[in-house]
Amino acid sequence: MRNLNSGMNIGVLCSQVAFSCGHQFPTLMKDYGYPIMGERSGGGTCCVQVMQTADGQNFMISTYRDRSTDKNFTNTDAGITPTEGYAFGYDHFYDLDFLTSKLQR
């Protein structure tokens, strides 16, 4: 997809090890219409919960208390799938000619 402000073609390269906050970014970019390229993301919610020890010390952990959704409120906890025609394996992640050809659609 061409970005109207910069004139550049922009896509999001994603792999199965993208989870939590690394999953939230492709979720948002897909909502805005940018192509998600590569593999399905690992999912996760990007939610942090503040906990407390018995002696009152605060600490933060990832939590299950939130669900990641897209703009249509569809649960995306299981991961974001690549845009149709943009799915490919990790072996292409460093192939700049291949990636360029995908972005010039």
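**Note on the predicted model**

1. A nonpolar surface patch of about 330 Å² is formed by Val-48, Val-50 and Met-60. Patches are built from residues with over 30% relative accessible area and no salt bridge, with like charges joined within 9 Å and nonpolar side chains (Val, Leu, Ile, Met, Phe, Trp, Tyr) within 5 Å. A salt bridge is a side-chain nitrogen of Lys or Arg within 4 Å of a carboxyl oxygen of Asp or Glu. Accessible areas come from the Shrake-Rupley method with a 1.4 Å probe, and for residues only the protein chains shown count as cover.

2. This is a predicted model, in which local features need pLDDT of at least 70 and side-chain atom pairs count only at pLDDT 80 or more, while totals for chains, interfaces and linings use all residues. Residues are numbered from 1 along each chain as its sequence is written, and side-chain values use heavy atoms, with hydrogens and water left out.

3. The protein has 2 helices and 4 strands, in the order β-α-β-β-β-α from the N terminus on. Helices (H or I, at least four residues) and strands (E, at least two) are DSSP runs, numbered from the N terminus. Of the 105 residues, 32% count as buried; buried means under 20% relative accessible area, exposed over 50%, and partly exposed in between (1.4 Å probe, protein chains only). The protein exposes about 7100 Å², and carbon and sulfur atoms supply 55% of that area. Among contacts (heavy atoms within 4.5 Å) with a separation of 6 or more, 56% join residues 24 or more positions apart.

4. Met-60 is exposed, because its relative accessible area is 62%.

5. Helix α1 covers residues 21-31, and His-23, Pro-26, Thr-27, Met-29 and Asp-31 are buried in it. The buried residues of α1 pack against β1 (12-14) and β2 (36-38). Gly-33 follows the helix and has a positive phi, near 95°.

6. Thr-27 is located in helix α1. Its relative accessibility is 1%, so Thr-27 counts as buried. Apart from neighbours within four places in sequence, Thr-27 is in contact with Ser-68, Thr-69, Asp-70, Thr-76 and Ile-80.

7. The largest nonpolar core has 7 residues: Val-12, Cys-14, Ala-18, Met-29, Tyr-34, Ile-36 and Ile-80. Such a core is a set of buried Ala, Val, Leu, Ile, Met, Phe, Trp, Tyr and Cys residues joined through side-chain atoms within 4.5 Å. With neighbours within four places in sequence set aside, Val-12 is in contact with Phe-25, Pro-26, Met-29, Pro-35, Ile-36 and Met-37. A second, separate core of 6 residues includes Tyr-86, Phe-93, Leu-99 and Leu-103.

8. The next point concerns ring pairs. Rings of Phe, Tyr and Trp (its six-membered ring) pair if their centres lie within 6.5 Å; planes under 30 degrees apart count as stacked, over 60 as edge-to-face and the rest as tilted. This rule gives 4 aromatic pairs. Phe-88 and Phe-93 have ring centres 6.1 Å apart and planes at 80°, so this pair is edge-to-face. For Tyr-90 and Phe-93 the ring centres are 4.8 Å apart and the planes stand at 45°, so that pair is tilted. One aromatic cluster is formed by Phe-88, Tyr-90, Phe-93, Tyr-94 and Phe-98.

9. Tyr-90, in contrast, is partly exposed, with a relative accessible area of 47%.

10. Two residues in the loop between β4 and α2 deserve a look. Ala-87 is found in this loop, with α2 at 96-103, and counts as exposed at 53% relative accessibility. Not counting residues up to four places away in sequence, Ala-87 touches Gly-38 and Pro-82. The C-alpha atoms of Ala-87 and Ile-36 are separated by 8.2 Å, although the two residues are 51 apart along the chain. Phe-73 is also found in the loop between β4 and α2. Its phi is near 60°, a positive value in a residue other than glycine. Phe-73 is exposed, with a relative accessible area of 69%.
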